[in-house]
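Dear colleague,

I am handing over the structure below, and my notes on what was found in it follow. Please read them with the structure open beside you.

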Amino acid sequence: MFKPVSVLIICLVLSACSMPRIAVLSDPLTAGEHNDLGVSYELMGEMELALKQYELAYENDREWDQPLINHGNVHAGLENWERAEESYRKALERSPDNPEAMNNLAYVLMKQDKNDDALDWSAKAVKIQPENPAFLNTHARACLKTGNPDKAKRIFTRALSQLPDEDPLRERVKEGLKEVENK
């Protein structure tokens, strides 16, 4: 027969020999919070941290396209054209009708001299949002790069009519018009 002290000692020895518990910590932030954090890092110029937050956001929510667009925008800003293209294409896999992803993809395709593809994607973006001056600007540039200056001029003019005087895009559209006139 065991004495109570013996039982207590056996219990203490057994508990000391038990397997350590493994604690799995889950990410306390939502995809939206990671995306917002990425935007903050991006605004502060912390691009590597921004990219990491966007990656966590798009991995946490496998249907949401905005973190992939933001991820592509950071890569485009760093002139990592192929990485930007990859992010925009993944965004379009998640949301095939997203005109922002289409427009941004067209822009990075032009930077890689893939002008015919850029023209297709920019036309799709303009078809969805025909009065968006940024999309019109990208489409006009794609028209210019594919050898259609007359069409580019019409589109640049249309984009310019959409922009208020104080909009910074207005200067870039004017530069596009000058490029057309110098051709």
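H8 passes H9 in a left-handed crossing, a term used when the near helix is turned anticlockwise from the far one by less than a right angle; helices here are DSSP runs (H or I, at least four residues), numbered from the N terminus. Please note that this is a predicted model, in which local features need pLDDT of at least 70 and side-chain atom pairs count only at pLDDT 80 or more, while totals for chains, interfaces and linings use all residues. Residues are numbered from 1 along each chain as its sequence is written, and side-chain values use heavy atoms, with hydrogens and water left out.

The axes of H8 and H9 (lines fitted to C-alpha atoms over the stretch in contact) are 8 Å apart, and the two helices pack at about 165 degrees, on a scale from 0 to 180 degrees between N-to-C directions. H8 and H9 are therefore roughly antiparallel, the term for angles over 145 degrees. Among the residues of H8 that meet H9 (contact being heavy atoms within 4.5 Å) are Leu136, Asn137, Ala140 and Arg141, and the H9 side includes Ile155 and Phe156.

Leaving aside residues up to four places away in sequence, Phe156 touches Asn137, Ala140, Arg141, Val173, Gly176, Leu177 and Val180.

Thr138, also in helix H8, counts as buried because its relative accessibility is 7%, the limit being under 20% relative accessible area with a 1.4 Å probe and protein chains only.

Kind regards

How values were computed: Buried < 20%, exposed > 50% of the residue type's maximum accessible area, 1.4 Å probe, protein only. Parallel < 35°, antiparallel > 145°, perpendicular 65-115°, else oblique.
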